[in-house]
Amino acid sequence: MIVLLAILVAGMVGYWRLTDPARVRDMAESYLSDLLGGPVHVDQATLSIFEGLKLFGVTVKVDASKSTDALLFVADSFDIQYDPASLLQGRLEATRIIATGPHVRLVENVDDGRWNYQRLASPDARYNRNRRGLEEGQPLPLPEIILR
């Protein structure tokens, strides 16, 4: 009976650790920043067995500056479908991202003719291949993105 109780308690602690909102939010911000090439902020994150990974108040900037043209994308929520095996290994790898209430803010600097999205980091510079277990020359695993 004590062994069964220990197994149940270990399962509950493991589930609590896996679904910790602060941990999930930090993991999602890091993954999306790597994927998109700019700083990403998430107001709230939830992860559950039944509802999956949901992010609320997602903001994407082109860089860390405080300038008004740094804001590129805002969404009310992201519903992320992910690979559960990678999540158990401490990595988030999305297969599909559904953005609800998206707003894109494109700004052109008329002095130099560049758009704000052009200030995002290049894919090679932003994507940490070693952390994701990718070799040089291997294509980036990009998720399907749906805007609603």
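Is Tyr117 buried, partly exposed or exposed? Select Tyr117 to find out: with a relative accessible area of 40%, this residue is partly exposed. As you look around, keep in mind that this is a predicted model.

**Stop 1: a surface patch**

Stay with Tyr117, which sits in the loop between strand S7 (114–115) and helix H4 (123–126). Together with Tyr117, they make a nonpolar surface patch of about 390 Å².

**Stop 2: a pair of rings**

Next, select Phe73 and Phe78. The whole structure holds 1 aromatic pair, and these two residues form it: their ring centres are 6.2 Å apart and their planes meet at 55°, so the pair is tilted. Both Phe73 and Phe78 are buried.

**Stop 3: the largest pocket**

You are now looking into the largest pocket, which has about 260 Å³ of space. Its lining counts 13 residues, and the closest to the pocket's centre are Leu36, Val60, Phe73, Phe78 and Ile145. To see where the lining comes from, colour helix H2 (21–36) and strands S3 (71–82), S4 (94–100) and S8 (144–147); each of these elements gives two or more residues to it.

**Stop 4: salt bridges**

Begin with Asp79 and Lys54, whose side chains meet in a salt bridge at 3.5 Å, N to O. Asp79 belongs to strand S3 and Lys54 to strand S2 (residues 52–61), so this pair ties together parts that are 25 residues apart in sequence. Asp79 is partly exposed at 24% relative accessible area, and Lys54 is partly exposed too, at 21%.

Move on to Arg119 and Asp69, where the closest N and O atoms of the salt bridge are 2.8 Å apart. This pair links distant parts of the chain, 50 residues apart: Arg119 is in the loop between S7 and H4, and Asp69 is in the loop between S2 and S3. Arg119 is partly exposed, with a relative accessible area of 29%.

Then select Glu144 and Arg96, which form a salt bridge at 3.1 Å, N to O. Here strand S8, holding Glu144, is linked to strand S4, holding Arg96, across 48 residues. Glu144 is partly exposed at 40% relative accessible area, and Arg96 is partly exposed at 28%.

Notes:
Residues are numbered from 1 along each chain as its sequence is written. This is a predicted model: local features need pLDDT of at least 70, side-chain atom pairs count only at pLDDT 80 or more; totals for chains, interfaces and linings use all residues. Side-chain values use heavy atoms; hydrogens and water are left out. Patches are made of residues with over 30% relative accessible area and no salt bridge: like charges are joined within 9 Å, nonpolar side chains (Val, Leu, Ile, Met, Phe, Trp, Tyr) within 5 Å. Accessible areas come from the Shrake-Rupley method with a 1.4 Å probe; for residues, only the protein chains shown count as cover. A salt bridge is a side-chain nitrogen of Lys or Arg within 4 Å of a carboxyl oxygen of Asp or Glu. Helices (H or I, at least four residues) and strands (E, at least two) are DSSP runs, numbered from the N terminus. Buried means under 20% relative accessible area, exposed over 50%, partly exposed in between (1.4 Å probe, protein chains only). Rings of Phe, Tyr and Trp (its six-membered ring) pair if their centres lie within 6.5 Å; planes under 30 degrees apart count as stacked, over 60 as edge-to-face and the rest as tilted. On a 1 Å grid over the protein atoms alone, a cavity is a set of points where a 1.4 Å probe fits but cannot get out, and a pocket is an open set with protein on both sides within 12 Å along at least five of seven lines; lining residues have an atom within 4 Å of a point. Grid points are joined across faces, edges and corners, and a volume is the space filled by probe spheres set on the points.
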